[in-house]
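Open the model in your viewer and keep the selection tool at hand. This tour goes from stop to stop, telling you what to select and what is there.

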Amino acid sequence: MGKYFGTDGFRGEANIDLTVEHAYKVGRYLGYYYGKNHKDGKAGIVIGKDTRRSSYMFEYSLVAGLTASGADVYLMHVTPTPSVSYVVRLDEFDCGIMISASHNPYYDNGIKVINGQGYKLEANVEAEIEAYIDGEIPEIPFAKREQIGKTVDYSMGRNRYIGYLMTLATRSYKKMRVGLDCANGAASTVAKAVFEALGAKTYVIHNTPDGTNINDGCGSTHIEQLKQLVKDQQLDIGFAYDGDADRCLAVDETGEVIDGDKILYACGCYLSERGELSNNTVVTTVMSNLGLYKAFDNKGIRYEKTAVGDKYVFENMMENGHSLGGEQSGHIIFSKYATTGDGVLTSIKLMEVILEKKMKASELFRDIKIYPQLLVNVRVKSKPEARADEDVIAAVKRVEEVLGDEGRILLRESGTEPVLRVMVEAATDELCKKYVDEVVQVIKEKGHEV
C-alpha cells in the first residue's frame, strides 16, 4: 500500500484524511497523465459517486482538477461502483473515478480510480499521484483556451448499465417476492428498477438517501432489518447492498443470512454442475470460512486463497483464468460479466440458481456447515508494530496449536482502517470468544491499542 492509496483507493474521513485539495490534485494528475496519450492532450474520464454529502464536494474538486489539465469529464452522478467499471470499458474512456467509501460511515469518503480496462488503477500510477500530491513532481501546466476540458452529463451511462443487468437474467422473476435493502446508497438508483423490470414483487427498504444515512444501521453490514422484512412479509429472498453497491449479502426465506461464502458455494456448485466453472476452481480470500473449504472438498471443487480484498481476488482470477471468486463480505466477481464485485449482478446470479434448480433459497445450503466465527477489530497505533510483536505472535501460535484441524485463527491488518483484525473459527461461539479474547488481551497489554 502507498502513503494515500490503500487496497481500495484513497480513503479517509472527509476533509481530515481526504481533503478537497487532495481530490483536486488527483484530478490534475490524472487529466495530465491520460492526456499524454492523446494528440490533442484531451483525456476522457467518467465519474460516479455514492450518496454521501461529501461526494458532491469531491466530485466538484475532481472536475476542477481534471478540466484544468485539459480532460473532458463525463458525470454519471449517483451510481454503483460496478457501473463505472462497465461504462469505462463499454465507451472506451481513459479511466473512471468512483467517489465512495463503500460500507464506511457517511463522514468517510474515498476516491477509487479504474483504468481503461475496468480494473483498479495500477500501483505505479498511484505512486505517481502520491508523488504529485507531496510536491515531488514538478507542477503540471494548466490547459488554456480551447484546451480547457468540458463537463458532460452522462446519466445515460447508468441507464445503459441497468439495461445490461436486465439482459443477464435467465428467467422472469414473476411470482417471486424479493426484499431489497439499498443501504441508502448507490443501489437506490438501480436495484428496484432492475428487479421490477424483471417481474419481481419488490419490497424495498433504506432507499431514501439524505447524505448522512448511508450504511446507517442498514445494508450489508447491518442486515437485521432485512431479516425482519423477509420474515414479516414472507418473502422468497432478500438482498442487502453496501454504500456503493459492489457487495451483496442475502437472507433466505427462513430469515437466515446468506453471506459471501454461501453465495460462492451455491454459485460455484451450480456452475460446476453445468460445466461452466472455469478450471473447476473458486477463488476465495483467507477470511473464507473453514466450512466452505470442507464443502468444496466434498463436491470435488478446487479453490484458491488470496489476501483480503477483491483487488487480489480479481488479480488471481485474471492470472489463472478463473470465472468465480469473492469474499465472505459479499464482494463476488463473475469475470464473464464484470471486472469488479457487483452487488446487483450477484443478486441476479443467485436468483438464477434458485429458479433454474427450482429450489428454495435455504435448500441450496443443506450440504455446507459454516463454522462459528468471531472477528474483532482492535484500533492500534501502528499496525505493523502490533502485528510483529513477539508476544502477539506467540499468543496466535498458542491458539493455532490448540485448534489444530478443527478451527483456525487469523491476524491481519486492515487495508482501509488503523486496526488489526483478530478472527477465530472454532466448533462453538464460546471457543471463538475465548481465543479471540486471549489474543486481543495481549495486544492491549503490550500497549498497542489506541
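Predicted model: local features only at pLDDT ≥ 70, side-chain atom pairs only at ≥ 80, totals over all residues.

Select Glu 438. With a relative accessible area of 33%, Glu 438 is partly exposed. Residues are numbered from 1 along each chain as its sequence is written, and side-chain values use heavy atoms, leaving out hydrogens and water.

Lys 434 is partly exposed, at 43%. Lys 434 and Glu 438 form a salt bridge, with their closest N and O atoms 3.0 Å apart. A salt bridge is a side-chain nitrogen of Lys or Arg within 4 Å of a carboxyl oxygen of Asp or Glu. Both residues sit in helix α14, four residues apart, about one turn of the helix. Helices (H or I, at least four residues) and strands (E, at least two) are DSSP runs, numbered from the N terminus. An α-helix has 3.6 residues a turn, so residues three or four places apart point the same way.

Next, select Asp 389 and Lys 446. Their side chains meet in a salt bridge of 2.9 Å, N to O. Asp 389 lies in the loop between α12 (383-388) and α13 (390-403), and Lys 446 in the segment after α14 (429-445), so the pair ties together parts that are 57 residues apart in sequence. Lys 446 is partly exposed, at 37%.

Move to Arg 274 and Glu 276. A salt bridge joins their side chains (3.6 Å, N to O). Arg 274 is partly exposed at 43%, and Glu 276 is partly exposed at 40%.

How many salt bridges does a search of the whole structure find? The search finds 27.

Last stop: helix α10. Select residues 310-320. Which of its residues are buried? They are Asp 310, Lys 311, Val 313, Phe 314, Asn 316 and Met 317. Show the strands too: what covers these buried residues includes β13 (281-285), β14 (302-306), β15 (324-326) and β16 (332-334). Contact here means heavy atoms within 4.5 Å. Finish on Gly 321, which follows α10 and has a positive phi, near 75 degrees.

Note on methods: Buried < 20%, exposed > 50% of the residue type's maximum accessible area, 1.4 Å probe, protein only.
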